[in-house]
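Dear colleague,

Please find below the structure that I am handing over to you, together with its sequence. My findings follow directly after it.

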Amino acid sequence: MTGRPARVSAIDSPIWGRSFADDEMRALFDGEAYIARCIETEVALARAQARLGIIPAEAAEGISAAAAELRLDMERLRHETEIVGYPILPIVEQLAAAAGGAGRYLHWGATTQDIMDTATVLQMREGLALIDRRLDAVRAALAGLARTHRDTPMAGRTHMQHALPVTFGYKAAVWLSALDRHAVRIEELAPRLLVVEFSGASGTLASLSGRGLEVQAALAHELGLGVPSITWHSVRDCVTEAVQLMALISASLAKIAFDVSIMMTSELGEVSEPFVRHRGASSTMPQKQNPVSCELILAGSKLVRNHATAMLDAMVHDFERATGPWHLEWSAVPEAFALTSGALAQAEFMLAGLVVHPAAMARNLGQSRGLIVAEAVMMALAPHTGRKEAHDIVYAGCRRAVEEEAALCDVLLAMPDVAGPLGEAAIRRLTDPAAYLGEAPAMVDRLLAGR
């Protein structure tokens, strides 16, 4: 497009744009793709009205033929859109001129927002399908990790401290559970979101003399969309819900990325992003492999969150048509979809090739010299002493182990009030972190059942 403004957004940057937004989603929400969807809606409207006998059949044929051959003057469209404030009138003028006599039936009974909203819905339909496909790929990668590492023990951490042992497969399955719910949310959202908008100037379809709802239903059928219960020009909860869903998906990916980035630290070294020559390299430190995908996912999620917040403001429309809030959607919708798809692409790359280091997980699990399973000893001792007394006894043993930098097992064996009731064999078994995984493997099995 000639006269295109300079690119200032990160997602449109020629340097790092593809790091944030994948080309496939970018193509769906590209400005020229949006114009094509507007024209598609105008043509579908003409066909629907011709089928109902509201406009001549030859008029619909002429409009359709003209649209197929139309080469818009993009510079004129840009200039006139700046004047009008919206692109539909400039598009209609060029298409009507190309259609000749048929052009006088173009945009019959419609208003600008009808065409623009419906074009956006068509984009979101394709966008949701791509998000769903990318989500499935990430879910498959996580399911593979959960299955492979079902029994790989590692330290569970709460408040950044060792808590109790888990397995890496359990951790991956917990990540996966959120994405499973997002897949369901996409299915639930689609019927609410993917509906046509055709309601006329104030939303009452008064211009079509009692046949407005027929035309609305026919247009929806033509485009493969649902029929809304009522006009939604000024009630934007479903579009907002779509962006909120993008924020939810992005935030779940960011939780995974945050965990992985910490697990990649030199001190832990439990996982690594896939190795690609120079990916994550430093300009001065040859040893570095920075968590590039994690960083992009984390940044992208914050940008999507900003759009989700903006969309809540965009819901506050005045009367039957808004003075401004609608414009927020023009940025929030395409960018939220693009950033979320880009984050999913990064997550698929990262998780499908994630390098897992079980030896490092085992080393870190043993770092506390058995303290991580103090709960196991306490619960075994409790039937003999009562729970509170058992807690106090084992707590004292833990403090001694910390102060003396000794193994918890050795300290407990020297404590008569522990060694007496439990015995040496039980204490050694209870202080083995790999033996205290609870129901983690069974939980993995339950989540993966039927996949």
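Leaving out residues up to four places away in sequence, Gly 109 touches Phe 198, Gly 200, Ser 207 and Leu 208. Gly 109 itself sits in the loop between helix H6 (88-99) and H7. Its C-alpha is also 9.5 Å from that of Val 215, although 106 residues separate Gly 109 and Val 215 in sequence. Please bear in mind throughout that this is a predicted model.

Overall form

The chain contains 19 helices and four strands. Its radius of gyration is 30 Å, well over the 22 Å that the globule rule gives for 451 residues, so the chain is more spread out than a compact globule. The C-alpha trace spans about 100 × 50 × 40 Å along its principal axes. Among contacts with a separation of 6 or more, 75% join residues 24 or more positions apart.

Of the 451 residues, 50% count as buried. The chain exposes about 21,300 Å², and carbon and sulfur atoms supply 56% of that area. As for charge, there are 41 positive and 53 negative charges, and their mean positions lie 4 Å apart.

The nonpolar cores

The largest nonpolar core has 113 residues, of which Leu 142, Phe 168, Phe 337 and Leu 351 touch the most other members. Helix H7 (residues 112-148) gives the most to this core, with 16 residues. A second, separate core has 26 residues, including Ala 382, Ala 406, Ala 426 and Leu 430. As general background, nonpolar side chains tend to be buried together in soluble globular proteins.

Which residues does Phe 168 touch, not counting those up to four places away in sequence? They are Leu 145, His 149, Thr 152, Met 154, Trp 175, Met 263, Val 271, Leu 354, Val 356 and Met 361.

Two residues with positive phi

Most residues other than glycine have a negative phi. Arg 369 has a positive phi, near 60 degrees, and is not a glycine. Arg 369 lies in the loop between helix H13 (358-365) and helix H14 (374-385). Its relative accessible area is 34%, so Arg 369 counts as partly exposed.

Glu 405, also not a glycine, has a positive phi of about 50 degrees. Glu 405 belongs to the loop between helix H15 (387-404) and helix H16 (408-413). Is Glu 405 buried or exposed? With a relative accessible area of 62%, where exposed means over 50%, Glu 405 is exposed.

Two further sites

Val 235 occupies the loop between helix H9 (212-223) and helix H10 (237-263). Its relative accessibility is 47%, so Val 235 counts as partly exposed. In sequence Val 235 is 85 residues from Glu 320, while their C-alpha atoms are 8.9 Å apart.

Ala 10 is found in the segment before helix H1 (17-20). Because its relative accessible area is 29%, Ala 10 is partly exposed. Apart from its neighbours within four places in sequence, Ala 10 is in contact with Trp 16, Gly 17 and Phe 20. Ala 10 and Ala 21 are eleven residues apart in sequence, with a C-alpha to C-alpha distance of 9.4 Å.

With kind regards

Notes. Residues numbered from 1 in each chain as written. Predicted model: local features only at pLDDT ≥ 70, side-chain atom pairs only at ≥ 80, totals over all residues. Heavy atoms only, no water. Rg over C-alpha atoms; globule rule 2.2 N^0.38 Å. Buried < 20%, exposed > 50% of the residue type's maximum accessible area, 1.4 Å probe, protein only. Contact = heavy atoms within 4.5 Å. Areas by Shrake-Rupley, 256 points an atom, 1.4 Å probe, with all protein chains shown as cover. Lys, Arg positive; Asp, Glu negative; His and termini not counted. Charge placed at Lys NZ, Arg CZ, Asp CG, Glu CD. Core = buried A, V, L, I, M, F, W, Y, C linked by side-chain atoms within 4.5 Å.
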